[in-house]
Amino acid sequence: MGIFSRRHTATLEPTPAVGPSTPFPGTPAPRPTLDPALRALTGEWTIDRPHSRIGFSVRHAMVTTVRGAFGEYESKLHFDGARPSESRAELVIQVASVDTGVEQRDAHLIGADFFDARRFPEMVFRSTSTVHDGGETFRMAGDLTIRGVTRPVELQLDYLGSVLDPFGFERAGFDGTTSIDRTQWGLVYNQRLEAGGTMVSEKVRLQFDISAIRATPLA
């Protein structure tokens with residue numbers, strides 16, 4: 001995400017408590033403080049596909065890692081810098097747009113053994129809650145649908161900064177990651193190796209490198 005010129009802003013620190021360092025039993029933990037600059041980002045955003053990557057990585061043959069990404073998707077993002085719990089996201093991905101750099105492998109992935117794109121052309125993520133963990137880190141829970149199966153997932157989202165680019169677009173950057181067990185979504189195809197283990201790991205790491213552009217209100 002090197003396109004961002006990170007804008008460092010001071011974070012408000014909580015005032016130290018007067019008295020014993022150990023809180024009384026039942027005292028709620030202090031809420032994480034938000035960078036005041038985040039309030040200015042409140043509004044509607046969309047992912048800029050040419051400068052973003054919705055990708056994945058998976059261990060192959062127990063000894064190497066295959067990486068891929070999806071090139072076609074639609075997004076709706078709402079960020080609330082004052083009340084992160086009001087933030088939400090929706091991402092609809094065309095699974096046939098998968099690209100791992102090998103045509104034969106991509107054709108296998110969109111076939112019936114994996115995504116079965118003819119029957120299930122879309123993979124969908126819809127957020128259900130957002131929590132501020134402190135600093136510039138958030139947790140976004142949501143429902144992920146693959147092959148018609150919907151299961152909950154949780155992303156770690158790190159805010160990278162915001163900038164007004166030379167073309168007049170206001171951009172905000174986020175990195176998101178999570179890991180899933182693909183078999184829970186019906187992606188069960190595999191082959192056993194003679195030396196033991198499997199050809200494709202069941203664990204898949206999802207990666208969201210997001211450059212979001214503020215949506216222009218309709219006149």
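On a 1 Å grid over the protein atoms alone, a pocket is an open set of points where a 1.4 Å probe fits, with protein on both sides within 12 Å along at least five of seven lines, and its lining residues have an atom within 4 Å of a point. The structure is a predicted model, in which local features need pLDDT of at least 70 and side-chain atom pairs count only at pLDDT 80 or more, while totals for chains, interfaces and linings use all residues. Residues are numbered from 1 along each chain as its sequence is written, and side-chain values use heavy atoms, with hydrogens and water left out.

The largest pocket is lined by 24 residues, and Phe56, Val58, Leu109, Phe114 and Val200 lie nearest its centre. Its volume is about 480 Å³, taken as the space filled by probe spheres set on grid points that are joined across faces, edges and corners. At least two lining residues each come from strand E2 (53-60), strand E3 (64-70), helix H1 (103-110), strand E8 (137-146) and E11. E2 supplies the largest share of the lining, four residues.

The protein contains one helix and eleven strands, assigned as DSSP runs numbered from the N terminus (helices, H or I, at least four residues; strands, E, at least two). From the N terminus on, the order of elements is β-β-β-β-β-β-α-β-β-β-β-β. Of the 219 residues, 39% are buried (under 20% relative accessible area, with exposed over 50% and partly exposed in between; 1.4 Å probe, protein chains only).

Leucine 144 is in contact (heavy atoms within 4.5 Å) with residues including Met123, Phe125, Ile180, Trp185 and Leu206, when residues up to four places away in sequence are not counted.

Serine 211 is also located in strand E11. This serine 211 counts as buried because its relative accessibility is 0%. Its side chain forms a polar contact of 2.9 Å with the side chain of arginine 171; such a contact is a pair of N or O atoms within 3.5 Å, and within protein one must be able to donate a hydrogen and the other to accept it, with residues adjacent in sequence counting only if both atoms are side-chain atoms.

Valine 102 lies in the loop between strand E6 (98-99) and H1. With 36% relative accessibility, valine 102 counts as partly exposed.
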